[in-house]
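Reader: Hi! I'm new to this one, could you walk me through it?
Author: Happy to, here it is.

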Amino acid sequence: QLEEVLGKAEIIAEFPFGKGERIAGCRMSEGVIAKGQRIRVVRDGQLIGETRLKSLRKVKEEMSKVEKGNDCGMLFDPQVDFQIGDTVESFRVI
């Protein structure tokens, strides 16, 4: 199946959240990442997991999308075992 990558971000920080959840602090490197898109976490070219965005925030404000050049916080559902330095990609199947 063909895929189109819509946006990419690098995980530059992590923050504890709620009961055992973690927020990924991300810096957008290209395109757009939006709620509702399919999301995957990649490390050194290997897929760590596929997930969805439960929350997407810029500072304290909930956003529907974040564009290149911005920093944001992402909360994944289901949880993904991400690390700082991983890449988050939003994509769609064409």
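Author: A term to start with: buried means under 20% relative accessible area, exposed means over 50%, and partly exposed is in between (1.4 Å probe, protein chains only). Asp71, with a relative accessible area of 35%, is therefore partly exposed.
Reader: Before we go on, what kind of model is this?
Author: It is a predicted model, where local features need pLDDT of at least 70, side-chain atom pairs count only at pLDDT 80 or more, and totals for chains, interfaces and linings use all residues. Residues are numbered from 1 along each chain as its sequence is written, and side-chain values use heavy atoms, with hydrogens and water left out.
Reader: Thanks! Which side chain does Asp71 meet in a salt bridge?
Author: That of Arg27, at 2.9 Å, N to O. A salt bridge here is a side-chain nitrogen of Lys or Arg within 4 Å of a carboxyl oxygen of Asp or Glu.
Reader: Are Glu89 and Arg40 buried or exposed?
Author: Both Glu89 and Arg40 are buried. Salt bridges with shared partners also join Glu3, Lys8, Arg40 and Glu89 into one network.
Reader: New topic: which residues lie nearest the centre of the largest pocket?
Author: Phe15, Ile23, Arg57, Val59 and Gly73, out of 16 lining residues. A pocket is an open set of points on a 1 Å grid over the protein atoms alone, where a 1.4 Å probe fits, with protein on both sides within 12 Å along at least five of seven lines; lining residues have an atom within 4 Å of a point.
Reader: Which strand gives the most to that lining?
Author: β8 does, with five residues.

Technical notes:
Helix = DSSP H or I, 4+ residues; strand = E, 2+ residues; numbered from the N terminus.
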